[in-house]
Amino acid sequence: SSYIDKHKQGKTTIVFIRQKEAIAKPFYTLELKNETIIQLRGKHNQVAPPEVKEAADSWLGWLKKQKS
């Protein structure tokens, strides 16, 4: 099944990443499962550049701290 189906079933979480300068415009989509980033992709399945990956990893670290 697709990650959207898994999200609907509560098996994974989908996070839409936006640039604060263009909040209405899609940027990257992140799939999170068991506190692990499974996918981080852009338009046409584009791989995220290092700065987006670093920001996602930083956010994940923040998220884990919130849970502890």
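**View 1. Charged side chains of the chain.** In this predicted model, 13 side chains are positive and 7 are negative. The centres of the two sets lie 5 Å apart.

**View 2. Order of helices and strands.** Two helices and three strands make up the secondary structure elements of the chain. Along its principal axes, the C-alpha trace spans about 30 × 30 × 20 Å.

**View 3. Surface and interior.** The chain has 68 residues, and 22% of them count as buried. Among contacts with a separation of 6 or more, 21% come from residues 24 or more positions apart.

**View 4. Helix α2, residues 50–67.** This helix has 18 residues. From its first C-alpha to its last, α2 reaches 26 Å, close to the 26 Å expected at 1.5 Å a residue.

**View 5. The buried face of helix α2.** Which residues of α2 are buried? They are V52, A56, L60 and L63. Seen down the axis of α2, the buried residues fall within an arc of 80 degrees, so they line one face of the helix. These buried residues pack against two strands, β2 (28–33) and β3 (36–42).

**View 6. The exposed face of helix α2.** Turned away from the buried side of α2 is a face that carries exposed residues. These are P50, E51, E54, S58 and K65.

Terms used: Residues numbered from 1 in each chain as written. Predicted model: local features only at pLDDT ≥ 70, side-chain atom pairs only at ≥ 80, totals over all residues. Heavy atoms only, no water. Helix = DSSP H or I, 4+ residues; strand = E, 2+ residues; numbered from the N terminus. Buried < 20%, exposed > 50% of the residue type's maximum accessible area, 1.4 Å probe, protein only. Contact = heavy atoms within 4.5 Å. Lys, Arg positive; Asp, Glu negative; His and termini not counted. Charge placed at Lys NZ, Arg CZ, Asp CG, Glu CD. Expected span 1.5 Å × (residues − 1). Arc of directions from axis to C-beta.
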